[in-house]
Amino acid sequence: MKTKAAVVYEPGKRLEIEELDLEGPREGEVLVRYTHAGLCHSDYHVMSGDLEARLPMVLGHEGAGIVEDVGPGVTRVAPGDHVVMSFIPNCGVCRYCATGRQSICDWGATILDGQLPGGRFAMSGPRGEYGGFCIVGSFSQYGVVHQNTAVKVDDDLPLDKAVLVGCGVPTGWGSAVYTAKVKAGDTVAIYGVGGIGINAVQGARYAGAKNVIAIDPLENKREKAMELGATHAFATADEASEVINELTRGQMADAAIITVDLVTPEVVSAGFYATGKDGVIVVTGLNKLLEDTIVLPGSMLTLFRKSVKGSLFGDCNPTYDIPKLLGLYQAGDLKLDELITKTYRLEDVNEGYDDLIAGKNVRGVIVHEH
Ligand SMILES: NC(=O)c1ccc[n+]([C@@H]2O[C@H](COP(=O)([O-])OP(=O)(O)OC[C@H]3O[C@@H](n4cnc5c(N)ncnc54)[C@H](O)[C@@H]3O)[C@@H](O)[C@H]2O)c1
Ligand SMILES: [Zn+2]
Ligand SMILES: [Zn+2]
């Protein structure tokens with residue numbers, strides 16, 4: 001079949017809308033009609049070349065849709081099911097899946113190549129075989145994914161909101177709840193209020209933090225943070241640090257969560273000095289793969305018993321956490337509707353990324369037409 005998709009051919013260039021051929025699902029694979037796709041900054045890292053990926057690549061790793069067809073041996077989902085994509089597949093049996101660490105499943109090894117597990121590409125076009133970012137590729141009307149990527153969700157959930165639970169929501173919420181292990185009464189500083197950071201705000205608040213301090217130079221982001229659970233919001237790390245000092249009588253924050261778009265030694269250091277003894281600095285944002293983004297005085301880390309932790313997918317277990325977070329949404333304990341600033345047609349995906357880079361969007365969402 002044919003599918004229209006947004007493709008990155010060359011780093012630094014705009015996405016091109018291309019009609020591609022899509023082969024049907026084989027053993028263990030699922031054909032999904034994507035209804036929605038979220039615009040995450042990670043796709044932009046591939047567009048800009050900060051994350052070096054195999055090209056050409058169909059971008060989009062925050063995706064939701066409806067199962068159209070399944071290949072032989074598929075047991076997790078059936079045609080007609082509503083599904084949210086997990087941007088790391090979960091095989092269920094590797095060392096990490098088997099011990100409750102699905103976000104670092106061994107099957108995640110090829111997310112920057114985008115071929116299906118087993119090595120094939122389902123999409124092809126004028127420039128050969130096309131991968132799907134994170135083995136998803138939701139900036140396409142249709143996609144073939146492995147069943148270990150598709151998580152079934154309740155039919156009555158609105159897919160236009162549930163799509164956010166494919167990346168931004170679990171990554172941010174989990175960075176606070178699972179990686180930072182925020183506890184009742186804690187003080188948490190969150191650097192960068194985009195699609196990830198706003199959910200770190202929601203997670204920290206839900207976990208019972210007393211002080212949730214959001215830092216972002218943009219006023220619209222600070223306002224959104226205050227609306228969704230931050231107790232304080234500042235434009236700069238210095239202003240935040242002063243207030244954290246006052247609020248904690250010098251003990252400083254229990255956790256700093258770094259969710260800026262391009263992580264730098266400066267912002268990680270700001271988080272490091274904003275935390276006190278036994279503080280944790282969670283690094284969720286990215287930069288170039290081999291860029292030194294963490295430059296810290298190790299003796300201070302030792303003497304204050306601090307830790308610096310990376311967080312992938314918020315340390316979530318997608319098959320458990322995607323339905324769980326959607327349950328929190330249904331109960332009113334997690335906001336999704338309020339996260340979406342603007343929706344776009346697939347053809348306007350570049351405008352969506354212009355808006356993201358201009359700082360207009362907390363999250364933009366593509367609404368697919370078929
Ligand atoms: N670890 C993971 O599993 C994972 C998953 C998804 C995204 N990411 C990464 O997380 C990062 C954030 O993604 P996003 O979609 O939320 O991006 P975004 O562009 O929506 O938001 C980034 C925000 O950071 C703010 N910012 C920039 N520099 C700042 C600074 N020095 N201090 C405070 N705020 C600052 C910007 O104003 C913006 O509001 C990206 O690097 C993305 O690739 C990681
Ligand atoms: Zn993402
Ligand atoms: Zn696994």
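**Close-up views of the ligands, the cavity and a pocket**

View 1. Let's start with Lys-221, where a side-chain N or O atom sits 2.8 Å from an oxygen atom of ligand 1. (A polar contact is a pair of N or O atoms within 3.5 Å; within protein, one must be able to donate a hydrogen and the other to accept it, and residues adjacent in sequence count only if both atoms are side-chain atoms.) This is a predicted model, where local features need pLDDT of at least 70, side-chain atom pairs count only at pLDDT 80 or more, and totals for chains, interfaces and linings use all residues. Residues are numbered from 1 along each chain as its sequence is written, chains are lettered from A and ligands numbered from 1 in the order in which they are written, and side-chain values use heavy atoms, with hydrogens and water left out. His-41 also reaches ligand 1 through its side chain, with an N or O atom 2.8 Å from a ligand oxygen. Leu-286 uses a backbone N or O atom instead, 2.9 Å from an oxygen of ligand 1.

**View 2. The zinc ion, ligand 2.** Three residues hold on here: Cys-40 (SG), His-61 (NE2) and Cys-167 (SG) coordinate the zinc ion at 2.0 to 2.3 Å. (Donors are N, O and S atoms within 2.8 Å of the metal, or 3.2 Å for Na, K and Ca; water is not among the atoms, so sites may look incomplete.) Along the chain, the donors are spaced as C-x20-H-x105-C. Cys-40 counts as buried because its relative accessibility is 2%, and His-61 counts as buried because its value is 1%. (Buried means under 20% relative accessible area, exposed over 50%, partly exposed in between, with a 1.4 Å probe and protein chains only.)

**View 3. The one cavity.** Searching the whole structure turns up one cavity of 30 Å³ or more. (On a 1 Å grid over the protein atoms alone, a cavity is a set of points where a 1.4 Å probe fits but cannot get out, and a pocket is an open set with protein on both sides within 12 Å along at least five of seven lines; lining residues have an atom within 4 Å of a point.) The largest cavity holds about 90 Å³ of space. Its lining has 15 residues, and the closest to the centre are Gly-114, Leu-116, Met-123, Gly-132 and Val-144.

**View 4. The second largest pocket.** About 240 Å³ of space is found in this pocket. Of its 19 lining residues, Gln-251, Met-252, Ala-253, Gly-276 and Lys-277 are the closest to its centre.

Key:
Points joined across faces, edges and corners; volume = space filled by probe spheres on them.
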